[in-house]
Every structure is written in C-alpha cells, then in structure tokens.
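Dear colleague,

My notes come after it.

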Amino acid sequence: MKLRTLTLGLLSASTLAFAAHAESITIATVNNGDMVRMQTLTDDFTAKNPDIQLQWVTLEENVLRERVTTDIATKGGQYDVMTIGTYEVPIWAKQSWLLPLDKLGDDYDVKDIIPAIAGGLSVDGKLYAAPFYGESSFIMYRKDLMEKAGLTMPDAPTWDFVKQAAEKMTDRANGVNGVCLRGKAGWGENMAFLTAMSNSFGARWFDENWKPQFDQPEWKNTLQFYVDLMKANGPEGASSNGFNENLALFQQGKCGMWIDATVAASFVSDPKNSTVADKVGYALAPDNGLGKRGNWLWAWSLAIPAGTQKADAAQKFVAWATSKDYLELVASKEGWANVPPGTRSSLYANSEYQKAAPFAKMTLDSINAADPTHPTVKPVPYVGVQFVAIPEFQGLGTTVGQLFSAALAGQTSVDDALKQAQDAATATMTEGGYIQ
Amino acid sequence: MARAVSTQHKTIATAAAWIVALLIFFPILYTIITSFKSEQEAIQGFNLFPSGTTESYTAVEAQSGYFKFFLNSVFLSVGSTILALLVAIPAAWSMAFSPGKWTKDILMWMLSTKMMPAVAVLFPIYLIFRDTGLLDSRIGLMVMLMLINLPIVVWMLYTYFREIPGEILEAARMDGASLWNEIVYVLTPMAVPGIASTMLLNIILAWNEAFWTIRLTTTEAAPLTAFISSFSSPQGLFWAKLSAASTLAIAPILIMGWFSQKQLVRGLTFGAVK
C-alpha cells in the first residue's frame, strides 16, 4: 500500500515537473474553416514537439486585428504567433515589429511558396510571415444559367461580357440576380473588390507623388460601371452585402455570377451546404483589355511578434503549420479538397489535388495574375493589389468604402461620392505628410 | 358595464404586454431556434421550426472548452459585484445621509465617466495592465469591471438609501451604535431589496461586458464573451454554431434572471410608490 502511494506520488510529481518544463506558446487566429481545422490537428505537432504546448485565442477578424495591433504596438507580449494578412506584414516588418523567419528548418523548402504570395510577405528579400492559406479572387458562375442564357463563359472574360451575361441571367421573378458583388462598406469589404476592379480599369489610388486619383476618368468609369451593373442586375440591398451575405445568396441559387475570394470555391462546391454545388463553373476575374485583371491577392499568414520570449518554439510551430507535411496531413485526415490552398506550388502539381479540387488551376492562375508591386496599369508608389500598404489605409479605405456604398444604395451620386473621396484622401495624405 | 370595460382594458393591456415581451425576447428565441438547425438550414431564410439537430453544440464544445470560459464569467461577474458593493455601500451611505456641498456634483461626475466611449482609454489602460502584469489576469479584469460599473452601483444604492428615513439611523446612533454597526445592522438589512437588485443588475452587466473582457484577456482569464467572439467568422457561414455558442453563453444569466425576477422587479421599483 505504501509502495503504491509512493509510486503514484512520484508519477504525479514527474508529470507536474514535465508540465512545468513544457513551454507554452499562445497563437492568435481567426475563425476561418482552415484555421479551425488546424486546431483539431495539432496532436501531430505536440507529438513531434512534446516540450511545446499550444494555447489558442480565436477572435473575429476585426477584433483580432485590433487586439494584435494594440499588443504589438505596446509590446504587450500576449501572443507568440499571430495570424495576420498581406496588408499588415510589410507595414509591421518595416516597424521592426516582426521577427524574420530564418529558422524554419532545412526541409521547409521556402522556394516552394508561390512567388506572388512570398513577395507580398517579404521586405528587402526577407520573409516576415509564412502563408497559411492564400487567395485571389475569381468569378464563380452557374453553368446551368449561363447555358440557359445561350452564352459560354470564356476562361478570361471581359467586363463587357460579364455585364452582358448578367443582363441575360437576371430573372428577378424567380429570385435570380445576374451578379452578386460586395457592397458593404469597409477597407477589407467593398474596397477590396472595388480597388481590385479599378486596377483593371486602369485606375489607381495615388500617382507617383501620392496625389489621390479619384478625380480621374478611370475611377469614374469603374464606379459608374459597378453601380449601373449592380442596380440593373444585383440583389436587393446589395450595399450591405459582404462575403458571407453573398455566399449565402449564391449557395441558395440566387446569383448567376459572384466575383469574390477563391477560397469561396470550396464552400459553394460543397454539397452539404450549397444547393448549387454541382452547377458551379470558374473563370478568371474580368479585365478591360488593359493588361490587368480585377483580381486581388491575400494570404492569411503566421508571423512572430518581435516581443515574444519564445521565438524558437514559435518558429517551430510556424514551420509545422505551413509545411508540405501539413498539407499531406490534412489530405490524409480530411481529403485533398480540404487542404489549405494558395501557398505552395507543389500542391498545384499534385494530380490528386487537381482531381479533388476542380477550381485548383483557376485559383493558381488567379494568384499568379496578381502583382502587388505593379498592381495597376500606371506606376504607383505603393505595394498592394486591393489595398495600399500604408498605416493610414485602414481608416481612409473605410471612409471611401462608406462613400461608395452610399453611391450603390442611391443615397449619393457617383460624381459626389468620387469628389468626397478625393477630398478625404487629400486631407489624409496631407495630414500624413505624404503630400505637402 | 364599467366592469366589462375594465376587463376589456385588462385583456388589451395583457395582450400588449405579451406582444412587447415577445418582441423583446424574439432575437434571443430565434438564436436558440437557430442553434438547433444545421448550417444549411440556418442560412435558408426565416424558419421557426428547426430539425432539432444538436450537431452545432457538439462542434462548439469540441472546438473550445466551454467550462473554463463559464467559470471565468462566474468569477468575474460575482467577484466584481462584491467588490463594487464593498466600495459603493459606504459611498452611497455618506452621500444619502451626510451630504456635503458637492455631493450632487460628485454624483454627476461619477455618472459622466460612463458617457465616455471605452475605446478612448484603451491604450492607457492597456499600458497600465501591461506594466503591472495584469494582462490576462482574473484579478485585474475583476477590478476593471468593478470600476466601470461602480457609478451605476453607487447611483442605485444612493437612490434606495434616500428612501430610508434618516430618523431610524439617528435612533440607532442614540442607542450607541457605531458607524460600522449602523451600516451593517441597521441600514443594510433595511435596504436588502435594493442591494439585491443592484447586485443582480451588476452581475448581468459584468456578465455581458464585451469590450474590456475581450481586449484585456487572451487564454487564462477569457470569459464567455470571448467564447462567443471566437465563433464569428468573416469567411464562412457558421450561423448555427455561433447561435449555439451564444445560447450556451447567455443560458446561465437568463436562468438566473428568471429565478430572481421577483427580487429584481421589487428592487427596481423600490420607492417608486410612496
């Protein structure tokens, strides 16, 4: 009896000693499908790294952005790994808020990361965040409705074709809208779409001297085309629709076309949630023959704040979560269709993935068609396809987003919205010292 | 005839009360209904009859342990309320029974702190918490919640105390009661309904506080507000799961509210009719 008590005591003590030795890292992330899946697969990581424990903090995107910005700016040290996007990485890296990822291991194969994505996450040739999943935007369309309209969607359509198809597909008596596009105000909502769209119209946010360009004809053409297209063929109340609202409409069969994130392809083609799963076709985002398409580039990425005390453990985790092995782990547990897309070239060369994900080629082509350093037709002084990677953009983008959303809702005219956008942008850039 | 009109009025008033109550409660009811739908059902427009699946609850529990968040919520709401009462009872006593020249101004000033948006002081508070090592600590958050609800607690108690005749306290003093005995044995028992309702209201306010509880916590001290927030997604429709998480988060406080509604109403109407 005494021996048993002693053994039990020793065992508990050794467990406690082990637990005390194990290093705990805190990871801040968003509640997106791929991120949630990663949390269920971490046993693989802890089995390989028994001395590292993982603590998760999952937050809504805007709250996460605010939380991690507060923490990193004040060096609060609450997080060891942060999930951030391509907008934050160049700005934060320049502020020395992030650690360069140079200890990802010999077998990590950095060169396998899709160049367009790696470029958006690097500053001066150094990688500051590892992509967990990457996305561009493309057209998802209903093959049955397109056929009924007597049209064939080309792989690389023009905006004129999209307009023509939308007009023919719209059947409001049966609840079908020709096209569903983002209208909800926000720099990451309607402005992500409209900025990418404006690139294909030859517009730009600023000229080489940071002078706002909303008073130029390219922006007028973009916004007028968008408002006219949506008023004639878009869903009711489109000015409050974001990604999720349009996803719900498309899944219920209420949209002929939807231009949005490539990651949506796995949702709309999932028969468990989508009523049109077997009728969806994909095409590149439209262009206007100017050499730039209206698609964006984004990657939810894992970065390590400079204030962490556990940089080595954090790098090990980042390397595990963004490795080729992780993709294979997801494939073995949940199938190739559920592998996080858009990060590694080798995934797109994998025949099993191509078979399981019919949207694979189009996703890769879309990602490759985006160039963050030369986003539009004319030269620009900034980096970013659907955003401008300067700290002022979050506030300014949302202000302009509200003006354009109001134009879509019919509360203001296109000309007024553009004039106010020009004034707001000029004021912000003057205040920020970009223009004298 | 007069009787008939009165009955008719009563019926109309009852019906109106039911309609208003249902309107107010409906968002919560629909959240509960949605939590028993599949994700596909949840996005298919308005429907009051769910299939009754509990898959969202299973998924929510599997994704993040509810119990830890729940315990933090209980600790923070009850703890901050007790702390607030300890400070507010003496404060309200002095303002009600021994008012000075500036009492009214102090009361107004206290209330004015509630008029400032919380985000305005996010950075100073965050820095104080960082420097004192209180980030993600239950004690730090408890003090924070106590401070933000203190004006309301003082105001409510002050209003209740003012209804108690000062002569009773004077009588106690004449019988030789010390200040401490006067507050503990005379004032507090007489103000129990008021204190109880203040306590209940403060627990509800602290339970639902979602600005500081999300921003000052990460893993250890995170309460149910952080739990709900983790199910909101910008890319993906998880409405059934979000509803299940919300239902789980509001259920304890809702049940507590039902059980204590008599005290709550009695306390809130205390002194309304003389």
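What follows is a walk through the two chains, the places where they meet, and a few single residues.

Please keep in mind throughout that this is a predicted model, and that everything below was computed from it.

**Chain A and its two domains**

The domain assignment of chain A gives domain 1, made of residues 17–128 + 298–356, and domain 2, made of residues 136–296 + 372–431. The centres of these two domains, taken over C-alpha atoms, are separated by 29 Å. Where the domains touch, nine residues of domain 1 of chain A are in contact with 11 residues of domain 2 of chain A, and the elements that give two or more residues to the domain 1 side are α5 and α6 (115–120) of chain A.

As a general point, an α-helix has 3.6 residues a turn, so residues three or four places apart point the same way. Just after the helix, Lys75(A) takes a positive phi of about 50°.

Further along chain A, the axes of helix α9 (residues 190–200) and helix α18 (residues 393–409) come within 9 Å and cross at roughly 85°, so α9(A) and α18(A) are roughly perpendicular to each other. At this crossing, Asn190(A), Met191(A) and Leu194(A) in α9(A) meet Gly397(A), Val400(A), Gly401(A), Phe404(A) and Ser405(A) in α18(A).

**Two backbone angles to check**

Ser96(A), in the loop between α5 and α6 of chain A, has a positive phi near 60°, and with 9 C-beta neighbours inside 10 Å Ser96(A) counts as exposed. Asp124(A), in the loop between β4 (122–123) and β5 (126–127) of chain A, has a positive phi of about 50° although it is not a glycine, and Asp124(A) likewise counts as exposed, with 8 C-beta neighbours inside 10 Å.

**Chain B**

Chain B has 14 helices and zero strands. Its C-alpha atoms fill a box of roughly 75 × 70 × 30 Å, taken along the principal axes, and 34% of its 274 residues count as buried. Among the contacts in chain B between residues at least 6 apart in sequence, 77% join residues at least 24 apart.

Pro223(B) gives one such view of chain B, and its place is in the loop between α11 and α12 (224–229). Pro223(B) is buried, with 28 other C-beta atoms within 10 Å. The C-alpha atoms of Pro223(B) and Phe70(B) are separated by 6.3 Å, although these residues are 153 residues apart along the chain. Leaving aside neighbours within four places in sequence, Pro223(B) is in contact with Phe69(B), Asn72(B), Ser73(B), Leu76(B) and Thr213(B).

**Where the chains meet, and the core**

Between the chains, 24 residues of chain B are in contact with 29 residues of chain A. On the chain B side, the elements that give two or more residues are α2 (39–43), α6 (122–131) and α11 of chain B, and the largest share, four residues, comes from α6(B).

Which residues have the most contacts inside the largest nonpolar core? They are Val81(A), Met140(A), Met257(A), Val318(A), Ala92(B) and Leu157(B), in a core of 193 residues. Helix α7 (residues 138–163) of chain B gives the most to this core, with 13 residues, and the core also draws at least three residues from each of domain 1 and domain 2 of chain A. Ala92(B), for its part, touches Val154(B), Leu157(B), Tyr158(B) and Phe161(B), not counting residues up to four places away in sequence.

With best wishes

Notes. Residues are numbered from 1 along each chain as its sequence is written. Chains are lettered from A and ligands numbered from 1 in the order in which they are written. This is a predicted model: local features need pLDDT of at least 70, side-chain atom pairs count only at pLDDT 80 or more; totals for chains, interfaces and linings use all residues. A nonpolar core is a set of buried Ala, Val, Leu, Ile, Met, Phe, Trp, Tyr and Cys residues joined through C-beta atoms within 7 Å. A residue is buried if 20 or more other C-beta atoms lie within 10 Å of its own, exposed if 12 or fewer, and partly exposed in between; C-beta atoms are placed from the backbone. Domain bounds come from an automatic or database domain assignment. Two residues are in contact if their C-beta atoms, placed from the backbone, lie within 7 Å. Axes are lines fitted to C-alpha atoms, for helices over the stretch in contact, and angles run from 0 to 180 degrees between N-to-C directions. Angles under 35 degrees count as roughly parallel, over 145 as roughly antiparallel, 65 to 115 as roughly perpendicular and the rest as oblique.
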